[in-house]
Amino acid sequence: MKVTISGLEFGYSSSPVLKDVNLEVNGPQLISIIGPNGVGKSTLIHCINKILSPTKGVVMINGEDVNGISIKEMAKKVGYVPYATSDAFPLSVVDTVLMGRHPHSGWKSLDHDLDVVYSTLKLINIEHLAMRSFDELSAGQHQKVMLARGLVQEPEVLLLDEPTSNLDIKHQMEVTRILRNLSQEKGILIIMISHDLNIAAKYSDNMVMLSNGSIYAVGTPKEVLTKENIKAVYGVDSEIIESHGRPHIIMLDSEFDDVSEPLPPESFVSGRKVVEEHMERGTRVRDIIEEQS
Amino acid sequence: MAEYSNSKEEYYRLARRKRMFAVVCMVLTVVAFFASLTVGFYKVSIGEAIGIISDHLHGTISDIQADSIIFNSRLPIAIFAIIAGAALSAGGAVMQTILRNPLADPYTMGISSGASLGATIAIIMGTSLWAGFSNSEFIVVMAFLFSLIPVGVILLFSIKRKTTSTKIILIGIAVMYMFSAIVSLLMVTASEDTLSEIYAWRVGTLALVSWGDILIPLVGTVGCLTLLMVSNRRINVLMSGANCAQSLGVDPKRTTLIQMVIISVMTAVVVSFCGTIGFIGLVGPHVARIFVGSESKMLIPASAAFGSVFLLVANSIASVSGPYGLPVGVVSAIIGCPLFIFILIKMRRNAWK
């Protein structure tokens, strides 16, 4: 599985979003695309899976121009997991994932497709959700179901648009770890867009850093995530430390360093019961009720 | 992969249970079908009704009046109700699914207003433009042709431009308002007799259906339903949105337009004969969704079966209401809407977001 992008240019009507993007990625691995908002990360991904057609340049998958590949054939090669989904009519998890089998459906049996679906659900540890309705799930579970749908397409390349965006730290780590492991176990080239540089740095094999619609840096997390690159692309000062062989970014904010200044006394936060607190302060219960109403 | 046999068994068991809803509706349809032959001003028992039909088929008609009422009036009306209910309700189910909008129905694309305009023009002109057409045939032809104008507009529009489902709904609504305005304009100039005919047509009634009105809706509906069922997996995939659908191997624009043309034709063949019966295309699929969920392979037949039994019952009630019976469109809305709201309130789980 090899994706080659050469001289890619894309623009919505007048303003160019991507210009002169050249990129070659090969082999099973997890690649993160990073860069500030509006830099063209999603556009780049949509040019790879033919949802958008570039104004100029060529995208090739295994040496084949994507323009010559039919939509159905494309779906067997490239899977896509969108950024946050909202289905108007939620299906069960099995039926949702089953959609991913569509590119492979001839008159083949539902039974075989169900085998593929259940084995994939098992692979990412969500078999217990199989008969649940998609809209009853949490954000982390949603993301895993969408990932399962992408996987049952049995693609060679899997594209993900911010797969960890509304997840808590545990699920961010879990989903990204699954992606990294899948790329090796299933031999897939996985390309994801990420805004969390530390999560991306921890699990990605390689990174692509975009700036102003062009590639700014390509390489291992260590090569890409340098103080200079982060300053140039995001305009943010940082310190890079190393943790378990991976770079870890500590953000610095020169405009905000007065954290030591004490709060005025009337600003406070308390986790105790309201009544207890007022008792301690000597307030009568009637006053509390009046105060609250 | 025997290890998933338990999980698969669970899936199949649920699928069988969902199928039961359609089966129950079909059984009720058969019951309602015979019951509907008995009700009206001329009262007969089910046995007598079957006897009259059997006599007619064997060429041994004993009572000409009974034969004319049961065989030539109630029987075709009951058959038509089954066809129309299935077409409108299944059309609504697919329309909601592909446009990802619970408010969509077969009339979303202005089919009803197009048909109304065609019928109004035909009624006002009174006489046929083309030799060989009777008045009523002319109304049907005009209604059919005009009902396909809105989908034609959407097709033309989407050749060059990107068509989102919201845009399609908005175009449909715009066309609907324009056509309704033209109908109102025409009605201002119409005579009193013509007015009541236009009015009756717009509300939708099965009372005038005869044997000659069965063949085209039957063939059209069965054909279109078959086409929709064949595409059930593609229709499901469209639910995931345009970008996802494409990445799952379905051309979103082409598939949406093809399904819309199929639904338009299916709706038009029915509406042209009976006028615009509202409500059922919107609510039929929602009732079915509550029982079988939104997966198209289950939803399309379930909606069709529910639509049939609902329209049959509504029409039976309509035919015994008031001194001369009422248009079925009025009855289906008056009974159906409170029922639907009741189901919505009672329902524990949402079938849609």
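Predicted model: local features only at pLDDT ≥ 70, side-chain atom pairs only at ≥ 80, totals over all residues.
Residues count from 1 along each chain as its sequence is written, chains are lettered from A in the order in which they are written. Local features need pLDDT of at least 70 and side-chain atom pairs count only at pLDDT 80 or more, while totals for chains, interfaces and linings use all residues.

**Exercise 1: helix α4 of chain B**

Work out whether the length of α4(B) agrees or disagrees with its residue count, then find what its buried residues pack against.

Step 1. Helices here are DSSP runs (H or I, at least four residues), numbered from the N terminus. The expected span is 1.5 Å times one less than the number of residues. For the 15 residues 111-125 that gives 21 Å, and the end C-alpha atoms are 21 Å apart, so the two agree.

Step 2. Call a residue buried if 20 or more other C-beta atoms, placed from the backbone, lie within 10 Å of its own. Twelve of the 15 residues in α4(B) pass, so the helix is mostly covered; among them are Gly114(B), Leu117(B) and Ile123(B).

Step 3. Look for contacts (C-beta atoms, placed from the backbone, within 7 Å). The buried residues pack against α5, α6, α7, α8 and α12 of chain B.

Step 4. Just past the helix, Gly126(B) has a positive phi of about 75°.

**Exercise 2: overall form of chain A**

Compare the radius of gyration of chain A with that of a compact globule.

Step 1. Taken over C-alpha atoms, the globule rule is 2.2 Å times the number of residues to the power 0.38.

Step 2. Check the C-alpha trace: chain A spans about 80 × 50 × 45 Å along its principal axes.

Conventions. Helix = DSSP H or I, 4+ residues; strand = E, 2+ residues; numbered from the N terminus. Contact = placed C-beta atoms within 7 Å.
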